[in-house]
Amino acid sequence: MENRRIIIDDTTLRDGEQTAGVVFTLAEKKRIARMLDEIGVGELECGIPAMGKDEQRSVRALVEMDLRARLITWNRAVKSDIQASLDAGVRAVDISLSVSDIHIRHKLRKDRSWVKEQLKSALGFAKEHDLYVSVGGEDSSRADLGFLVELMQTARSLGADRFRYCDTLGILDPFAMYDNVKYLADRVDLPIEVHTHNDLGMATANAIAGLRAGASFVNTTVNGLGERAGNAALEEVVMALKHACGVDPGIDTRRFVEISRYVGRASCRPVPEWKAVVGEKVFSHESGLHADGVIKNPVNYEGFDPGEVGLSRHMVLGKHSGSHALIHRLNQLGIEVNRLEADDLLDRVRSISQRNKRPLNDPELLSLCRSLRRVA
């Protein structure tokens, strides 16, 4: 991957908004688009113009923002959908068609020949209008690989710019994702995009596996929003690329928490405190061993600096705390204690934490210190 440019195609404004019950206002869409553009996201999938005039006006408003990111819309592989995108002012489209035999038989009630003809018709129409085209293979992960090769070869011959390999139901493991994408990449000279869902909790892992196998484009959403269990999370994919793969996709990660919180509010889906990468408490340390290690040097128990994504670390004082963490926190609060005092305080901290089923906050800790010193 070091020699390949990885392009993030964030679909928060399309697949993210397709989360059951989620609706973004136009003002929210514009702010999300602006923030994603400012941090360096290369492409934004910004809506489905075929939904109607309101959606077309929304997409056009995003086009008129003159962002650096390429705006791309989602369309069925039919001319009327593509025309709606043209009317909205975009110059890039994803044309989606079902490619698994399950979908072809039970959803479309057609056959493979019909799918191939539909691709030729829709792609031909899009290219007649000089559009950038990603051919989206819905349910690719359950499709016959030989048939996908045929479709990709046809798409390439007609001028398609890339093929989107979709794990629509989130059923693959990273090993199968790698094998399938590599099989396609080895046989057809057409850039590949990976679109992964999180139904089995492997969306981010599958996205990284697809990139390792040869894909150059990856779909993400902020906070992993998306249908059912969601999509690969932008913040997870980017940080995994940087710290697990040694690849920098050119994203300013310092604003991840800001963007995450905003999308959480706009979607009415608050960000869990334990959410990977951007959760408020993912850099909290309580265990005595871990807290001592972090105090000595954060690299002992932190894979990256919390400031890299806009967070800060917290020392939590509770049932599992040790004396070093307690002394460290008291010093931060301007209180010095000796080792005997710390041991006495620690027993009380652990006892109170167990009784209250939570850590002590700073006012409680200060009150405890004052009470023990009065007794002494």
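Q: In which helix is the place of Glu-235?
A: Helices are DSSP runs of H or I, at least four residues, numbered from the N terminus. Glu-235 sits in helix α10. This is a predicted model, where local features need pLDDT of at least 70, side-chain atom pairs count only at pLDDT 80 or more, and totals for chains, interfaces and linings use all residues. Residues are numbered from 1 along each chain as its sequence is written, and side-chain values use heavy atoms, with hydrogens and water left out.

Q: Does Glu-235 count as buried or exposed?
A: Buried means under 20% relative accessible area, exposed over 50%, partly exposed in between (1.4 Å probe, protein chains only). Glu-235 counts as buried because its relative accessibility is 2%.

Q: With which side chain does the side chain of Glu-235 make a polar contact?
A: A polar contact is a pair of N or O atoms within 3.5 Å; within protein, one must be able to donate a hydrogen and the other to accept it, and residues adjacent in sequence count only if both atoms are side-chain atoms. Here the partner is the side chain of Lys-275, at 2.9 Å.

Q: Which residues line the largest cavity?
A: Rolling a probe the size of a water molecule over the atoms shows where empty space is left. On a 1 Å grid over the protein atoms alone, a cavity is a set of points where a 1.4 Å probe fits but cannot get out; lining residues have an atom within 4 Å of a point. The lining consists of Ile-39, Val-222, Leu-234, Glu-235, Phe-256, Ile-259 and Ser-260.

Q: Which helix gives the most to this lining?
A: α11 does, with 3 residues.

Methods
1 Å grid on protein atoms, 1.4 Å probe; cavity = no way out; pocket = protein on both sides within 12 Å on 5 of 7 lines; lining within 4 Å. Helix = DSSP H or I, 4+ residues; strand = E, 2+ residues; numbered from the N terminus.
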